[in-house]
Amino acid sequence: MGGPIAVHVLTQFRLLAIAGATLAVAFGGQALAFWPFGGSTRIALSPAYGGVCEDCDLSGRILAGAKMSNSVFNRSNFTRSVMRRADGTESEFVEANFTDADLSYMKFDSADVTDAIFLRARIHGADLAEAHGLTQAQLNQACGDDETLAPRGLRVRVCD
């Protein structure tokens, strides 16, 4: 017992456990992954997309809960992206394309959204109250609800 075959099987089992924990994090946001070699380990998913990503094609990406604060996403394409509960605080989204994106509950505190496209974007519960460069014409393209926060003097179009 304990020969080369047993060591190989144990190594393969550990790799499988790591892969399972990674999948649990990828699909669960926060997951409690059970490590088979002593207790449980809490794994938190905090995807970060910070830095400079100008002219990036992030269309169709799942960016839910992403930390995107203090970053530059000017002219980036977020078409059909899911950005629920993402944090875009103090980031630049100048001329970004949010067509058909799910921006529900996203934070845009002190973010620059000048000339950004919000065509059919879902902004339910989003915090746009402190967003810079936001116009009524941009908000008219999007769908929000009573929880959506807009800058003073601007109104959010409420729709399903």
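**Side-chain links in the chain**

The chain exposes about 9,100 Å², and carbon and sulfur atoms supply 55% of that area. Accessible areas come from the Shrake-Rupley method with a 1.4 Å probe, and for residues only the protein chains shown count as cover. The model is predicted: local features need pLDDT of at least 70 and side-chain atom pairs count only at pLDDT 80 or more, whereas totals for chains, interfaces and linings use all residues. Residues are numbered from 1 along each chain as its sequence is written, and side-chain values use heavy atoms, with hydrogens and water left out.

The chain has 2 helices and 2 strands, and along the sequence they follow the pattern α-β-β-α. These elements are DSSP runs numbered from the N terminus: helices are H or I runs of at least four residues, and strands are E runs of at least two. Of the 160 residues of the chain, 38% count as buried. Here buried means under 20% relative accessible area and exposed means over 50%, with partly exposed in between (1.4 Å probe, protein chains only).

The disulfides come next. A search of the whole structure finds 2 of them, a disulfide being a pair of cysteine sulfur atoms within 2.5 Å. One joins Cys-53 to Cys-56, with an S to S distance of 1.8 Å. The torsion about this S-S bond of Cys-53 and Cys-56 is about -120°, so the disulfide is left-handed. Both Cys-53 and Cys-56 are buried.

The other disulfide joins Cys-143 to Cys-159, at 2.0 Å from S to S. This pair links distant parts of the chain, 16 residues apart, with both Cys-143 and Cys-159 in the segment after α2 (136-141). Cys-143 is buried, at a relative accessible area of 16%. When the bonded cysteines are numbered in sequence order, the pairing reads 1-2, 3-4.

Setting aside neighbours within four places in sequence, Cys-56 is in contact with Ser-76 and Asn-77, where contact means heavy atoms within 4.5 Å. Cys-56 and Phe-78 are 22 residues apart in sequence, while their C-alpha atoms are 8.6 Å apart in space.

Charged side chains also form links. The structure holds 4 salt bridges, each a side-chain nitrogen of Lys or Arg within 4 Å of a carboxyl oxygen of Asp or Glu. One of them joins Glu-54 and Arg-75, at 3.7 Å from N to O. Glu-54 and Arg-75 both lie in the loop between β2 and α2, and this pair links distant parts of the chain, 21 residues apart. Glu-54 is partly exposed at 35% relative accessibility, and Arg-75 is partly exposed as well, at 37%. Arg-75 also forms a salt bridge with Asp-55, the closest N and O atoms being 3.1 Å apart. Asp-55 and Arg-75 lie in the loop between β2 and α2, so the pair ties together parts that are 20 residues apart in sequence.

Another salt bridge joins Arg-120 and Asp-100, at 2.8 Å from N to O. Both Arg-120 and Asp-100 are in the loop between β2 and α2, and this pair links distant parts of the chain, 20 residues apart. Asp-100 is partly exposed, with a relative accessible area of 32%. Salt bridges that share partners join Glu-54, Asp-55 and Arg-75 into one network.

Confidence in the model remains to be considered. pLDDT is the predictor's confidence in each residue, from 0 to 100. Its mean for the chain is 81, and 69% of the residues reach 70 or more. Where pLDDT is low, the predicted coordinates should not be read in detail.
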